[in-house]
Amino acid sequence: MESEAFEDMQKGGGALRTVKDLTAGAAGGIAQVLLDIVKVRLQTTSQYKSALDCATQIFKNEGPMAFYKGTLTPLIGIGACVSVQFGAFHEARRRLEELNKKKYADSTLSYGQYYMAGGFAGITNSVLSGPIEHVRIRLQTQPHGEGRLYSGPLDCIRKLCAQGGVLRGLYRGQNVTYLREIQAYGTWFLTFEYLMNQDAKRNNVKREEISSLKVATYGGLAGEVLWLSSYPFDVVKSKMQCDGFGAQQKYKSMTDCFKKTFAAEGFGGFWKGLGPTLLRAMPVSAGTFAVVELTMRALG
């Protein structure tokens, strides 16, 4: 059954796969924005007692629209990101299947190879996700009202590039983004494939016969594993991407950020904001995998 993983996604050629992946990205994008600002605020400040306290204060002091701060950029880019994720995963999977067939006369992928393919998808996706998330985090953590630093995404991009250049400004925190994406998407695809394959074996059915409810459930569980396995990297990335420039810069590098976070907050500092992240992850990941899988079936 492992060799059948995402077999239906190959049908229709590259252009059709891209359309399907963009559809999945649009479904996941809307669901995730409401709780993202709570996660980022908890990761980067210590002024809130809990996720509920954070959400309450944001609503009280900044209004309901504050929950959508910085969401324009990821909503525009998420379709492209998901397209890259799934496209890179399938390309890596096909290459590994070809290698296995030549070496072992069996194209079936091991679960370690699924992780490798997912990791490749993650590092490919990081070229887009790094700057997109950096801009979003800057907009989410900037002062409210007259003290705000950026008027919007484009203004933020211009100022980041002016302050640190493209690599040190817009792409700040990219090294830890690479690590997060490799681990996150390696475990994401691995978990989903494992659950789908085990269900097919257990019930002696084909992949396309697995119910949409189960597909969504397995996708949601994969989303939980994604964040549990990579969350400390995400915390460090958020801290670095809301850090100041010049004399106001706290963290010299990814390693320096890890050290200072541990010294100031202990191990718990690497898990701040996990609650709202996991709450958001289940429906977002469930929707993404369900829409991708069911769209493939509908389009043949």
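Buried means under 20% relative accessible area, exposed over 50%, and partly exposed in between, with a 1.4 Å probe and protein chains only. The model is predicted: local features need pLDDT of at least 70, side-chain atom pairs count only at pLDDT 80 or more, and totals for chains, interfaces and linings use all residues. Residues are numbered from 1 along each chain as its sequence is written, and side-chain values use heavy atoms, with hydrogens and water left out.

**Exercise 1. Classify K239 and E265, then describe their contact.**

Step 1. K239 has a relative accessible area of 6%, so K239 is buried.
Step 2. E265 has 28%, so E265 is partly exposed.
Step 3. Apply the salt-bridge rule: a side-chain nitrogen of Lys or Arg within 4 Å of a carboxyl oxygen of Asp or Glu.
Step 4. The side chains of K239 and E265 meet in a salt bridge, 3.0 Å from N to O.
Step 5. K239 lies in helix α7 and E265 in helix α8 (residues 254-265), so the pair ties together parts 26 residues apart in sequence. Helices (H or I, at least four residues) are DSSP runs, numbered from the N terminus.

**Exercise 2. Trace the salt bridge between D234 and K39.**

Step 1. The structure holds 17 salt bridges.
Step 2. In the one between D234 and K39, the closest N and O atoms are 3.0 Å apart.
Step 3. D234 is in helix α7 (residues 212-241) and K39 in helix α1 (residues 13-44), 195 residues apart.
Step 4. Both D234 and K39 are buried.

**Exercise 3. Characterise the ring pair F86 and F289.**

Step 1. Rings of Phe, Tyr and Trp (its six-membered ring) pair if their centres lie within 6.5 Å; planes under 30 degrees apart count as stacked, over 60 as edge-to-face and the rest as tilted.
Step 2. This rule gives 16 aromatic pairs.
Step 3. F86 and F289 are 5.8 Å apart, centre to centre, with 75 degrees between the planes: edge-to-face.
Step 4. F86 lies in helix α3 (residues 72-104) and F289 in helix α9 (residues 274-299), so the pair ties together parts 203 residues apart in sequence.
Step 5. F86 counts as buried because its relative accessibility is 0%. F289 is buried too, with a relative accessible area of 0%.
Step 6. Ring pairs link F86 and F289 into a cluster with F89, Y185, W188, F189 and F192.

**Exercise 4. Compare the span of α6 with its expected value.**

Step 1. The expected span is 1.5 Å times one less than the number of residues.
Step 2. α6 has 30 residues, and 44 Å is expected.
Step 3. From first C-alpha to last, α6 reaches 43 Å, close to that value.
Step 4. Just after α6, N204 takes a positive phi of about 55 degrees.

Note on methods:
Helices (H or I, at least four residues) and strands (E, at least two) are DSSP runs, numbered from the N terminus.
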